[in-house]
Amino acid sequence: MRVYQTNEIKNIALVGASGSGKTTLAESLMYEAGLIKRRGSIDAKNTASDYFPVELEYGYSVFPTVFHAEWNHKKLNFIDCPGSDDFVSGAITSLNVTDLAAVVINGQYGPEVGTQNAFRYTDKLKKPVIFLVNQLDSEKCDFENVLAQMKEIYGQKCVQIQYPLNPGPDYNSFIDVLVMKKYTWLPEGGKPVIEDIPEEEMEKAMELHRTLVEAAAENDEGLMEKFFEEESLTEDELRTGIREGLITRSIFPVFCICAGKDMGVQRLMEFLGNVVPFVSDMPKIYNTRGEEVAHDSNGPESLYFFKTSMEPHIGEISYFKVMSGRVKPGDDLTNADRGSKERIGQIYACAGAIRIPVDEMYAGDIGCTVKLKDVKTGNALNGKDCDWKYNFIKYPNSKYARSIKSKNPQDMEKMMAAILKMRQEDPTWVVENSKELRQTIVHGQGEFHLRTLKWRLENNEKIMVEYGVPRIPYRETITKSAKAEYRHKKQSGGAGQFGEVHLIVEPYAEGMPDPVSYRFDGQEFKINIKNKQEIDLDWGGKLVFINSVVGGAIDARFMPAILKGVMDCMERGPLTGSYARDVRVVVYDGKMHPVDSNELSFMLAARHAFTDAFKNAGPKILEPIYDIEVFTPEDIVGDVMSDLQGRRGMIMGMDSEAGYQKLQAKVPLAELDDYSIVLSSITGGRASFTTKFASYELVPNDVQQKLIAAHEAEEKSVE
């Protein structure tokens, strides 16, 4: 395989909704490029793009697949992205390392929620877009309706390059208004017959051609002047104008394809090769220091590793983009993120499960290598005198979580290692050992996302696991002041145990003045502060601990033990065993014994005194509240709102965005456990949502009583 220069490389992401036909399109692209001898199919489970066992099992793309096509002395790198929102990391990763998004639309349904999600990411990343209306041979295909939906959502930037003559089961022909030709295929597809536009279609074709010419001319002053003078542009001038419009996102060309029969794919590749911007045409990216990194083959050698996959009999495959310079086998590089040295072995051009050795890759190219020692997803390898790092890929927060444990307790360590390894393939799988919840929690983008993880653990790693409902990280606090005292006394021969602690607790807020006195039951307790500690709690909020003991009632050497007893209670609150926060504790008196007092005695006394005072100080449970944004079609927005309100949600606002309604609400985390499943059921899979932690708020009294009762029952069952 020849080596391609930076100005001969184009990087394209295939994105869109699940079922739109991206993987089938990938097969046709590889077939047209001569990489495969025949096209596989999802039903036959023999595609070059979806080849992992879990993908064959479910019939869905789970991982982004990198492949290339050599076309007319140019190299087109493609990444076929999963369409399901559960596997959004693949689309986000791919859009960040490519230069154009080819958004595939199912001709039966038009723009779906997956289409909207993909387009939203292209908008955020300012990536050029072309639309590919696929499955034009479907009985339900209504091209004109699909086009009307696209223009309603994306505006008049949607400009037709082609239109089908006979969409439906007999589809075999379209008009291309860029080259002004008619393309016709035999029923089984293959090479088209190219001929002049029939007379009966000429008026429509000319009208669409003029629209295309005008849209292209708007992106170049010289072309605009010529258009005003001559009302036409040459084919090369049209291509130039469209290319400029793609870069500025002022034009979204619309194509017709039937990937299943390889109709229109060859013409699409011609457009990609001739019109789509090169890597060198696109805006520069920046390293973590904010320095511009140009795709310059003569610049410092720098590789960014954006994807890792684990394949049987091969091991870890690392996919990279050459950010600067050029790479060849045998190069010695430094990992800027981990400080380790790496020697690059063979480098490959990717074609799904096929890898083709190459001698060198230039800036802007995408490839892979194997058997690196210490390179993880997101790392950068640099040559001499270069230490660039990159962190431009931002993934969404998790939407769904489950507790996880291996059915065989001895497999827990093996299970954790397997999940951490798989997270290199999909960074939106997140696992944590929660000390607070006393559970191992795995987070993902949805129920299907975590079901896939479970399938891989059980079928690939042979580790049987079970999911459970994760506990909620509640917080406990108090609403008024209270005092308590406790004497710990134990005598069992020899030295005994003795410690007595008197303390006051009250709610703490930032900036509160130091206490001077308290009054309980008509008695005043004056405070003389000898020492104060403000402790920022790892779980949020503060503990303020004040020593106000006078007269030597308790030696200062026992204060750390008293504080430890208090902290033990803060880490396992008296109401539900949750973390406590925002409490001020004043130790004002106590007693000790010259022989029997020790640290353990005062720690235990402090625990009991704090627990008693806490329960008498108007204790309240706080629950985590999350901001949620739901993107839903307008016709079902009422059902979505009703469901949110049934979850104790508070609707904060509603906006229209690209043909969808965006609902904003605040909802308790405890009510979001099954939300991804229910939302999909309510909307037929047409809605999506994002969540973000907002704050802790008081739970309603009835909920608090249920939580306390449940905790007490759990404690008794343990006893």
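Let's start with Ile 194, which sits in strand E10, a stretch covering residues 189–195. Keep in mind as you look around that this is a predicted model. Is Ile 194 buried, exposed or partly exposed? Its relative accessibility is 49%, so Ile 194 counts as partly exposed; the cut-off for exposed is over 50%. Setting aside residues up to four places away in sequence, Ile 194 touches Lys 181, Lys 182 and Tyr 183. Now look for Gly 222: Ile 194 and Gly 222 are 28 residues apart in sequence, and their C-alpha atoms are 32 Å apart in space.

Next, hop over to Asp 643, which has its place in helix H14 (residues 637–646). Asp 643 has a relative accessibility of 18%, so this residue counts as buried; buried means under 20%. Which residues does Asp 643 touch, if you skip those up to four places away in sequence? They are Tyr 675, Val 678 and Ile 682.

Here are the two residues side by side:

In soluble globular proteins, nonpolar side chains tend to be buried together. The largest nonpolar core here has 113 residues, and Leu 25, Ile 130, Phe 131 and Ile 242 are the ones that touch the most other members. Helix H6 (residues 199–217) gives this core its largest share, 7 residues.

Finally, take a look at a pair of helices. Two packed helices are described by the angle between their axes and the distance between the axes. For H12 (residues 559–571) and H13 (residues 599–615), the angle is about 45° and the axes are 7 Å apart. H12 and H13 are therefore oblique to each other, and their crossing is right-handed. On the H12 side, the contact is made by Ala 561, Ile 562, Lys 564, Gly 565, Val 566, Asp 568, Cys 569 and Met 570. H13 brings Glu 599, Phe 602, Met 603, Ala 606, Arg 607, Phe 610 and Thr 611. What kinds of residues make up this contact of H12 with H13? They divide into 9 nonpolar, 2 polar and 4 charged.

Terms used. Residues numbered from 1 in each chain as written. Predicted model: local features only at pLDDT ≥ 70, side-chain atom pairs only at ≥ 80, totals over all residues. Heavy atoms only, no water. Axes fitted to C-alpha atoms, helices over the stretch in contact; angles between N-to-C directions. Helix = DSSP H or I, 4+ residues; strand = E, 2+ residues; numbered from the N terminus. Parallel < 35°, antiparallel > 145°, perpendicular 65-115°, else oblique. Left-handed = near helix turned anticlockwise from the far one by under 90°. Contact = heavy atoms within 4.5 Å. Nonpolar A, V, L, I, M, F, W, Y, C, P; charged D, E, K, R; others polar. Core = buried A, V, L, I, M, F, W, Y, C linked by side-chain atoms within 4.5 Å. Buried < 20%, exposed > 50% of the residue type's maximum accessible area, 1.4 Å probe, protein only.
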